[in-house]
Amino acid sequence: MSAEHLHAGEPAHMINDPSGTGSPWRLPSQRKAGMICLIVTESALFTIFVVAYLFYMGRSLNGPYPGEVLEFPWLGSIALFSSSATIFLAEIMLRRVNRFGFLLWWGLTIALGAYFIYFTGTEWMHLIYGKNLTISTNVFGSTFYALVGLHLSHVFIGLFLLSTVWLLTLLGKIPQDHHEHIEMVSWYWHFVDAIWLVVVTVVYFISVRY
Amino acid sequence: MSDTIVDENFKAPEPERVGEERGSFTRIAQELVFTVDHKKLGLMYIGSGLLFFVVAGLMATMMRMQLAFPNGKLLEPDVFNRLFTMHGTAMVFLVGMPIIFGFANYLIPLMIGTRDMAFPRLNAFGFWVFFFSGLLLYFSYLAGPGLYAAGSAPDVGWFAYSPLTAKAFSRGHSTDYWTLSLLMGGIGSIATAINIIVTTLCLRCKGMTLGRLPLFVWMFLVVAFLVIIAMPPLSACQIMLILDRYLDAKFFDTQAGGSAVLWQHFFWIFGHPEVYILMLPGFAVASEVIPVFSRKPIFGYPIMVAATLMIAFISLSVWAHHMFTVGMTSLGNTFFAISTMIIAIPTGIKIFNWLGTMYGGKIRFDLPMIFCIGFLFQFLIAGLTGVMLSVAPFDWQLSDSYFVVAHFHYVLIGGLLYTIFAGIYYWYPKAFGRMPSKKLGHWHFWLFTIGFHLTFGPQHIAGILGMPRRIFTYEEGRGWEVWNLLSSIGVLIQIPGILCFVINLIYSYFKGKKSGDDPWDAWTLEWSTTSPPPEYNFANLPEVKSRRPLWDLKHPEDPDWKFE
C-alpha cells in the first residue's frame with residue numbers, strides 16, 4: 001500500500017493492515033475517537049461553568065438582576081439552531097458530490113453563525129451601556145459573561161473552522177473524498193449548538209426568575 | 001538470555017545514519033526540538049520530569065533543614081511559604097504528570113504494536129506546552145514582583161485556597177504565574193490524554209483486542225479518561241481566578257456574594273481524581289513488573305481491569321473528603337466519608353492480586369522487583385492512613401496536620417515514586433540497550449527506603465501530637481522536636497540515595513553491561529524490538545493471539561492462546 005493511499009482518506013484501520021489482506025480486523029476511526037474525546041473534555045469544562053452559574057443564582061448583593069435585564073435571545077437562538085440543520089444539508093450535498101450545493105449550505109451555516117455573534121454583540125452592548133451590567137458588577141454579571149462568553153468563544157472557533165473548510169473547498173484544495181475531516185468539523189458545530197441549548201435554558205429560562 | 005528465540009519477523013534492522021554528524025550539539029538540539037517520535041518525546045518527558053524533581057526535592061530539603069530544630073533561623077517565613085507552594089505544585093504538575101506521560105508515550109505504541117502515537121504533532125505540542133508551563137512557573141522567582149515590587153514566587157499553597165489568591169491578599173504577579181502555568185499545563189495534559197486514548201483504541205495491532213491489552217495500557221487508558229474529565233475543572237478554576245484578578249469579577253469575592261468554598265469544591269473535583277491519575281500509572285508499572293519477576297501471568301486480569309474502572313469511577317465522587325473541616329452538612333460528610341472508604345475496596349483487590357501473582361511464583365529480586373515490593377508495603381501503609389482520614393471525626397482532629405503530610409507522602413513517594421523507579425530500572429535496558437548497575441541500584445534502594453521511612457514515619461506522630469502543616473517554625477516543649485529532627489535526618493539519607501540513582505542513570509548509559517533485546521525474559525511486545533527500538537518500532541507490525549505474545553513465541557509448544 002502506498003503512502004498516497006493512506007492520505008486519500010483510507011479508513012484508519014487499514015493502517016494496521018500492512019499485509020494488505022483486508023482481514024476483518026477493524027478499529028475505530030482516529031478522527032472520530034479524537035473528536036469524541038475533545039467533546040467530552042469540553043463538556044466537562046462547560047459543566048463547571050454551568051454549575052457555577054446555577055450556584056450563584058440569586059446570590060448577587062446588588063442589581064441588576066437577571067429578571068430585570070435579560071431578554072430571550074430569539075433571533076440569535078433561531079439562527080444558531082437552524083445552522084445545525086444547514087450544516088446537515090451541506091453534508092448531504094457533500095455525499096452526493098454536489099460541490100455547489102455544499103458551498104451554498106455550508107456558506108449559509110457560516111452566515112448564521114456570524115449572525116449569532118453579531119446578535120450577542122448587540123445584546124452585550126445593550127447590557128453594558130444600557131443596563132450597566134459588566135463582569136465586575138455582581139456575581140450575576142461575572143457568571144453570565146463567563147458562561148455565555150465561553151460559549152461565544154467556541155462559536156468563534158467553530159466559525160474559523162467552517163470558514164477554512166469553505167475557502168479551501170472554493171479553491172478546490174479539498175479532494176471530494178475527504179468526507180471525514182469535514183464531518184468532524186460539523187460534529188464540533190453540532191456540539192456548540194447543543195451547548196447553547198443548555199446555556200439558553202439555564203441562563204434565559206431558569207435564572208430570569210431571580 | 002532467550003532473545004534468540006524471538007521471531008526475526010518482529011525485529012527491524014538498525015537504521016543506518018549516513019552523512020550525519022552525530023553527537024554535535026546543534027544536531028542534538030535540532031533533533032529534540034523537531035522530533036515527533038513518541039520514544040524521544042517520552043524520554044524528554046521523563047528527563048524534564050526528573051530535572052524538576054531534583055529542583056523541587058532540593059526545595060523540600062531546605063524546608064526540612066529549617067524545621068530540624070525549634071525556632072529555626074535558616075529561612076524567613078515568606079520564603080518558606082514560597083518553598084512549600086512551589087514544592088507541591090512542581091511535584092504534582094511538573095514531576096508526577098510528565099513522568100507518567102513519558103512512560104505512556106514511550107511504551108504504549110510499543111506495547112500495542114504500532115509505530116507511533118495517533119497524533120504525533122499533538123504529542124510534541126503537549127510536551128512543549130508542559131515544558132514551558134514549568135519554566136513559566138519557575139520564572140515567577142524572577143518576574144513575580146512585577147511593578148508592585150511585592151511577592152516573588154507564588155506563596156498561596158499548591159491548592160491556592162481563595163481568598164488568599166485575591167488581588168488584595170496576593171499582590172504582584174506571583175499568583176498569576178501560578179494560574180497561567182497550571183492553565184497551560186492543563187491544556188498540554190488534555191492533549192496528551194486524548195492522544196493516549198485514541199492511540200489505544202485505534203492503533204492496536206492485529207489480534208490485540210481490549211481483552212488482551214497489557215494491564216499497563218489498560219490502566220493508562222483509564223488514566224487518560226480521568227485526565228480529560230478532571231483537568232477541565234482545574235482549567236475552569238484558573239479561568240475564573242484570572243477573571244477575578246484581572247477583570248474584577250466576583251467569583252471568589254465573598255464581600256460581593258462570591259464563595260470561597262466554591263473554589264475548594266472545584267479545585268478538589270480536579271484534585272482528587274488527580275491523585276488517581278498519578279497513582280494508577282504506578283499500579284500500571286507494578287502490574288507489568290510483578291508478573292515478569294514472579295515468572296507467573298498476572299493473577300485475575302479481568303478483576304484488575306474492573307478494579308481500575310471502579311477506582312476511576314468512584315474517584316470522581318470523593319473530592320470533598322479534603323474539606324471535612326470546612327463545615328459541610330452531616331449528609332455531605334457521610335456521603336464523602338463512605339465513598340472514600342469504598343474506594344479502598346478496589347484498591348485492596350489490586351494489592352491482593354499482586355500478592356496472588358507473587359504467591360507460588362519463582363521470584364527474582366532484581367532492581368525493578370525490589371522497588372515494587374517496597375511499593376506494596378508502603379502503599380499499604382498509605383492506604384491504611386487514608387482510610388483513617390476518611391472518617392470525618394478523625395479528620396476533624398488531624399486535617400491540616402503533619403499526619404496528612406505523612407499520609408500523602410506515603411502515597412506519592414512510597415507508592416508512585418517507587419513504581420517510577422521500578423519502571424525506570426525495568427525499561428532502562430529497552431530505551432538505552434544497557435543494564436543499570438545492580439550495585440548502585442541496591443545502594444539507591446536501601447538508602448532511599450531507610451531515609452524515606454525516617455523522614456515520613458515520624459511525621460505521623462508529630463501530626464498526632466498536633467503539629468500543623470505549613471508552619472515555618474515551632475517553639476520548644478511541644479514534644480515535636482525529636483520527630484522533626486528524625487525527619488530531617490531522614491532527608492540527609494535520601495539525598496545520597498537519589499544521587500546513586502542519578503549516577504546510575506548516567507554511568508550505565510556509557511558503561512553499563514549490554515542488555516540485549518529482552519534481558520528480563522518478559523512477555524509484552526516492547527521486548528520483541530531491538531534495544532533501543534528503531535524509529536519505526538516494528539518493521540512488520542506484529543499480530544498477537546494472547547495476552548503474552550512473547551511467551552507464545554518463545555514457547556510454541558505451550559502457547560497461552562490455547563487456554564484463553
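Biologist: Where does B:D521 lie?
Modeller: B:D521 lies in the loop between α14 and α15 of chain B. Helices here are DSSP runs of H or I with at least four residues, and strands are runs of E with at least two, numbered from the N terminus. This is a predicted model: local features need pLDDT of at least 70, side-chain atom pairs count only at pLDDT 80 or more, and totals for chains, interfaces and linings use all residues. Residues are numbered from 1 along each chain as its sequence is written, while chains are lettered from A and ligands numbered from 1 in the order in which they are written.

Biologist: What is phi of B:D521?
Modeller: Near 55 degrees, a positive value in a residue other than glycine. Most residues other than glycine have a negative phi.

Biologist: New topic. Which peptide bond in chain B is cis?
Modeller: The one from B:S531 to B:P532, with omega near -10 degrees. B:P532 is in the loop between α14 (481-511) and α15 (549-554) of chain B.

Biologist: Which residues does the cis bond in chain A join?
Modeller: A:G63 and A:P64, with omega about 0 degrees. A:P64 is in the loop between α2 (30-55) and α3 (66-69) of chain A.

Biologist: How many residues of chain B are in contact with chain A?
Modeller: 32 residues of chain B, and they contact 29 residues of chain A. Contact means that the C-beta atoms, placed from the backbone, lie within 7 Å.

Biologist: Which element gives the most to that side of chain B?
Modeller: α6(B), with nine residues.

Biologist: Last one. How do the axes of α10 and α13 of chain B cross?
Modeller: At roughly 10 degrees, and the axes come within 10 Å. Axes are lines fitted to C-alpha atoms, for helices over the stretch in contact, and angles run from 0 to 180 degrees between N-to-C directions. α10(B) and α13(B) are therefore roughly parallel. Under 35 degrees is roughly parallel, over 145 roughly antiparallel, 65 to 115 roughly perpendicular, and the rest oblique.

Notes
Contact = placed C-beta atoms within 7 Å.
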